[in-house]
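Me: Can you walk me through this one? I'd like to go through the contacts piece by piece.

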Amino acid sequence: GRTGRIIRDMALAKEELAKFLKDVSRSRDILQAQANLVKSQELKDLLPFGIGIHHAGLCRKDRIAVESLFSDRHLQMLVSTATLAWGVNLPANTVIIKGTQIYSPEKGQWIELSPQDILQMMGRAGRPHYDKTGEGIVITTHSELQYYLSLNNMQLPIESQFLSQLPDHLNAEIVLGTVSNTRDAITWLGYTYLYIRMLRAPEIYGITEEDLKTDKYLLQHRADLIHTAACVLDKANLIKYDKKTGLFQITALGRVASHYYIKHDSMSIYNENQKSNMGMIDLFRVFAMSKEFQYIIIREEEKQELVKFGEMVPVPIKASMEEPLAKVIILLQAYISRFKLE
């Protein structure tokens, strides 16, 4: 919203607001009518000027309204979070990426957008049936300039992220029956993009030149990766791993994790916290501790609503409304009981 207001105020000061408003009176009438219907005060303030905003803080109806106005060409400018550029197919004549850093809760610091994300956003430039070309503009720091020039020239290879998910994928293969021992797993790993990148850019994956000389096809390195992943799964009770024979045995928990795409970390949490005398309150609390929910946060504007919903859900919540855990428990109950949030 802040960026939208700044653009509007600058356009007003320079008397250039006409650039954001189509001459067609019908579009102006539609924008004014929608401004009266939306719930967001920011949208009410910006829509009459031909500027829209789109982010997760808007209610669903407001987001749909903005998307429709933009796709129907009533809105000339749309300021959005990266979510829109990633997930919603709304082509534009020009795409401007204002800043290339996003905060990573996992690393606890600001990181550069990945090449895939940048290309996905830039790919929205150029509207079929309306434009012959599209324009993409990236605003970044001078230190990252060469990086984005290389990206634009397609000189940066895409690296594999498979290692961080290896235990879960190995478990899936074991459950499917395609992998039953370490030898099968080493062969399976040889068919992955990770293996190709390890051979072509070994230093990125912690492999030295000496390692490559003694282990040309990385058999030992692949064996080490599989052994580590199998030990992780064995500790989480998702498989039984015989270290002497290298055999894998499926467990009931492993089947559940694979079938429902549950991370091995989450299964470990369930194992550690489950008790025979657990009630519904405790069950919801344990499920809310799942690793899949670890980066959920409570926004300041949500607190009031959470308190209201916390009083309406069927199972009482034994957690402070300041804790993300409380938000997860409310959302879980809302989903299971088909509770209407709006």
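Predicted model: local features only at pLDDT ≥ 70, side-chain atom pairs only at ≥ 80, totals over all residues.

Me: OK, how many salt bridges does the structure hold?

Reply: Six. A salt bridge here is a side-chain nitrogen of Lys or Arg within 4 Å of a carboxyl oxygen of Asp or Glu.

Me: What does Arg5 meet in a salt bridge?

Reply: The side chain of Glu42, at 3.1 Å from N to O. Arg5 sits in helix H1 (residues 2-13) and Glu42 in helix H3 (residues 41-46), so the pair ties together parts that are 37 residues apart in sequence. Helices (H or I, at least four residues) and strands (E, at least two) are DSSP runs, numbered from the N terminus.

Me: And how accessible is Arg5?

Reply: Arg5 is partly exposed, at 32% relative accessible area, and Glu42 is partly exposed too, at 28%. Buried means under 20% relative accessible area, exposed over 50%, and partly exposed in between (1.4 Å probe, protein chains only).

Me: Which residue forms a salt bridge with Arg197?

Reply: Glu159, with the closest N and O atoms 2.9 Å apart. Glu159 lies in the loop between helix H7 (145-152) and helix H8 (166-176), and Arg197 in helix H10 (residues 193-200), so this pair ties together parts 38 residues apart in sequence.

Me: Are Glu159 and Arg197 buried or exposed?

Reply: Both are buried.

Me: What about Glu322, what does its side chain meet?

Reply: Lys303, in a salt bridge of 3.1 Å, N to O. Glu322 is in the loop between helix H16 (303-312) and H17, Lys303 is in helix H16, and they are 19 residues apart. Glu322 is exposed at 53% relative accessible area, whereas Lys303 is partly exposed at 22%.

Me: Which residues are linked in a network of salt bridges?

Reply: Arg299, Glu302 and Lys327.

Me: Switching to strands. In what sense do E1 and E2 pair?

Reply: Strand E2 (residues 77-80) pairs with E1 in the parallel sense, over four bridges. Two strands count as paired if DSSP finds at least two bridges between them. Val79 in E2 is the bridge partner of Ile53.

Me: Which way do the E1 residues point?

Reply: In strand E1 (residues 51-54), Ile51 and Ile53 point one way and Gly52 and His54 the other, and all are buried.

Me: What do E1, H4 and E2 make?

Reply: A right-handed β-α-β unit, with H4 covering residues 60-71. Right-handed means that, with the strands pointing away from the viewer, the path from the first strand over the helix to the second runs clockwise.

Me: Now H15: which residues are buried there?

Reply: Phe284, Val286 and Ala288, in a helix spanning residues 280-288. Their cover includes helix H14 (264-273) and helix H17 (324-336), where contact means heavy atoms within 4.5 Å.

Me: Last one: where is Ile139?

Reply: In strand E6 (residues 135-139). Ile139 is partly exposed, with a relative accessible area of 44%.

Definitions and conventions:
Residues numbered from 1 in each chain as written. Heavy atoms only, no water.
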